[in-house]
Amino acid sequence: MNDIEERIDHLLGQMTLEEKIGQLNQPMIHGLPGLDLLRQGKAGSIINAFGALSGQGFDHLSSAEACNTLQKAALESRLGIPLLFGRDIIHGQRTVFPIPLAQAASFNPTLVEQINRVAAREASAVGIRWTFAPMLDIARDARWGRIAEGYGEDPYLTARMAEAAARGFQGDDVSQPDRLVACAKHYVGYGAAEGGRDYEQAEISEPTLRDVYLPPFRAAVAAGVGTVMSAFLDLNGVPATANRRLLTDILRGEWGFDGFVVSDWESIGELAQHGVAEDRAQAAALALHAGVDMDMVSGAYQETLAENLRCGRISDAELDTAVRRVLRIKHRAGIFERPFTDPERASRDILTAEARDLARQAARETMVLLKNDRNLLPLRDMRRILVAGPFVHATAELFGTWTMDGRAEDVVPLDQAFRQIAPTGVELWFAATPDLALSRAHYADAVILLMGEHPARSGENANVSDLNLPPGQLEWITAVAGIGKPTVLVVFAGRPLAITRAIAQVQAAIYAWHPGLEGAAALAEILFGLAAPSGRLPVSMPRATGQAPIYYARKPSGRPLREDGPFRTRYVDLPTVPLYPFGYGLTYTRFSYSDLRISSQRMRDTLTVSALITNVGERAGTEVVQLYIRDLVGSLTRPIRELKGFQRMTLQPGESRRVQFTLREEDLAFTRADGSWGAEPGRFKVWIAPHCEAGLEGEFML
Ligand code: GLC
């Protein structure tokens with residue numbers, strides 16, 4: 001028994017029932033019923049948030065001083081158990097990085113680790129030691145506002161980002177004062193909410209749950225995340241917050257998770273609204289029994305667990321188990337030894353030049369070049385360039401959702417950033433209205449249109465029924481592009497939008513997501529060729545709203561989509577494939593793939609697949625080489641492609657490099673018809689590819 005467990009046993013043995021229940025209670029920092037609640041040991045954690053929709057606004061309430069004041073009160077309690085301060089540090093704290101969906105477009109786990117390392121350093125400087133991130137919900141319906149917060153549609157990519165985020169937040173020793181306890185959320189299946197409508201129910205089959213939605217969480221647990229958050233949603237009739245099979249049998253029984261589970265905001269109390277509990281007391285008993293250890297804000301644990309214990313609806317053992325888990329993570333976080341935050345750190349550790357540089361690099365790597373006819377980009381030999389659209393003066397609009405600590409004054413407004421970056425001799429005009437844009441376009445050598453959605457249309461409870469650009473923007477694009485000058489479209493968004501008609505009218509297009517506080521400068525660098533785009537799509541780009549949900553790893557169907565024959569489409573009014581597919585992205589050069597080699601036609605325990613990648617253009621460029629497989633015959637139907645590896649590589653013009661992947665039998669495993677997990681013998685296809693609809697194809701047998 002290591003000393004943490006002994007210390008927990010010792011502490012637990014001294015705790016009263018009230019003190020045990022107190023550790024499972026997480027009230028808001030705001031409206032706190034005075035410091036007495038803390039002095040009585042009736043809170044185990046404080047959430048630094050001002051309300052249920054904190055992600056949609058700003059509050060700069062976190063400070064070392066504020067947390068230290070609360071902590072002092074908690075340490076005055078009988079047993080002096082320190083508070084763990086939690087906050088949504090989703091993509092940076094004061095240094096706002098690109099949204100997680102954009103980070104996924106980098107296909108660069110090292111970058112994601114670096115981002116979250118900085119986020120941990122900044123957030124811990126203002127007293128936070130626990131973040132409610134990474135968000136790992138697989139999202140295949142762009143109508144859902146929270147697609148912005150995760151890493152897209154693919155389980156393999158999301159799992160790699162989960163590991164990177166956990167490493168970034170927690171490091172090798174999460175007890176260090178500049179680290180954060182991570183939280184894998186929202187466990188599980190929240191992204192499958194019906195109709196893309198937040199909080200709605202989801203029906204997910206067991207094989208799909210196991211092979212699509214759970215793998216990122218399993219990766220996060222294997223990477224050592226200290227906490228998991230139970231989701232709001234009703235999954236197959238059982239709300240995730242009352243789902244013992246998920247929270248105990250799988251999470252702990254199968255995966256060995258030994259941290260603690262926090263409910264999502266008031267989701268314990270909301271079990272009564274779901275209609276699986278008569279009242280808050282029954283809701284609390286259900287949640288504790290399912291395996292939810294800490295109650296975020298609902299107060300149901302604080303109010304009813306003592307009574308629940310007295311009338312036998314919960315047991316002493318269940319209560320002690322929950323308290324033990326919370327105390328374990330508090331010990332691992334080192335807050336018994338170091339409960340306070342050094343107030344001096346904030347002036348040193350926050351918004352440093354290095355952090356800004358990383359934010360700029362992240363924005364460069366996350367933007368996706370979708371179209372570049374006749375190599376219009378990077379812009380050159382242009383004297384007068386018109387920049388038009390609702391984002392021309394953007395500052396905080398670049399942040400994206402969940403940026404409570406972001407500050408508009410930290411951002412160089414987009415037009416200024418463009419002026420700073422544009423080559424000398426280039427005259428930039430800015431037009432924030434269509435009429436001004438039209439009057440200027442005639443005299444410009446090229447036009448850059450900055451369109452897309454405000455962060456308010458993104459994030460929690462910000463779902464859209466229509467994936468087209470916001471009202472008026474398509475008309476604006478049509479009018480200005482109609483002038484006939486070379487036109488570049490840039491889209492800022494928290495989701496893939498249906499930009500089919502817009503993109504048809506322009507010669508080049510960049511998807512910039514919500515790129516964070518350095519996004520404007522990074523965009524200008526890419527437009528003027530000081531940096532090259534290297535992002536690839538982590539989500540399929542729909543042609544129209546009606547295609548949602550749309551994703552590449554779909555099942556073949558008995559009437560597969562084929563160019564020939566009658567079954568080439570599923571809609572009479574639209575091609576069925578996305579506008580741009582998962583993994584797609586252009587660069588300022590071109591790459592050729594050749595010489596696919598497979599180490600043997602029959603896989604024993606591993607098999608290597610390699611190909612030669614050549615930069616056949618005139619500029620250096622970064623390619624994201626992707627590995628896909630297809631299991632041609634299974635006891636259940638199998639996806640037409642599944643991502644099983646990727647490698648970023650930068651090649652100079654003319655340079656070739658052989659890229660190699662190793663496939664193991666477990667990479668071919670899935671949840672089989674009998675419910676077991678494993679690979680099945682048979683034929684497999686394999687691709688080394690630039691995206692999910694292309695590549696060099698080979699075959700092997702297992
Ligand atoms: C919100 C979100 C969750 C967040 C929590 C605290 O409702 O669902 O992602 O961490 O409440 O803000």
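**Figure 1. The ligand takes up the space of the largest cavity.** The model is predicted. The largest cavity has a volume of about 120 Å³. Its lining is made up of 17 residues. Nearest the centre of this cavity lie Asp88, Asp264, Trp265, Trp402 and Glu460. By class, the lining comprises nine nonpolar, three polar and five charged residues.

**Figure 2. A shell of 14 residues surrounds the ligand.** The closest of these are Asp88, Arg146, Lys185, His186 and Asp264. Eight residues of the shell are nonpolar, one is polar and five are charged. Asp88 and Asp264 belong to the closest residues of the shell. Both are also among the residues nearest the centre of the largest cavity.

Figure 3. A cis peptide bond joins Lys185 and His186. Omega is about -5° here. His186 sits in strand β5, which spans residues 183-187. Lys185 and His186 are both among the residues closest to the ligand. Trp402 has a positive phi of about 55°. This residue is not a glycine. Trp402 lies in the loop between β12 (384-388) and α17 (414-421). Trp402 is also one of the residues nearest the centre of the largest cavity.

**Figure 4. The peptide bond from Ala133 to Pro134 is cis.** Omega is near 10° at this bond. Pro134 is found in a loop. The loop runs between β4 (130-131) and α7 (155-170).

**Figure 5. The second largest cavity has a volume of about 70 Å³.** In total, the structure holds three cavities of 30 Å³ or more. Residues lining the second largest cavity include Met15, Glu19, Gln23, Leu38, Gly41 and Ala43. Ala74, Ser77, Leu79, Gly80 and Ile81 also line this cavity. Six of its lining residues are nonpolar, four are polar and one is charged.

**Figure 6. The second largest pocket has a volume of about 650 Å³.** Its lining consists of 26 residues. Tyr552, Arg554, Leu561, Val577 and Ile640 lie nearest the centre of the pocket. The lining divides by class into 15 nonpolar, four polar and seven charged residues.

Methods. Residues numbered from 1 in each chain as written. Predicted model: local features only at pLDDT ≥ 70, side-chain atom pairs only at ≥ 80, totals over all residues. Heavy atoms only, no water. Near = heavy atom within 4 Å. 1 Å grid on protein atoms, 1.4 Å probe; cavity = no way out; pocket = protein on both sides within 12 Å on 5 of 7 lines; lining within 4 Å. Sits in = over half its atoms within 2 Å of the grid points. Nonpolar A, V, L, I, M, F, W, Y, C, P; charged D, E, K, R; others polar. Points joined across faces, edges and corners; volume = space filled by probe spheres on them. Helix = DSSP H or I, 4+ residues; strand = E, 2+ residues; numbered from the N terminus.
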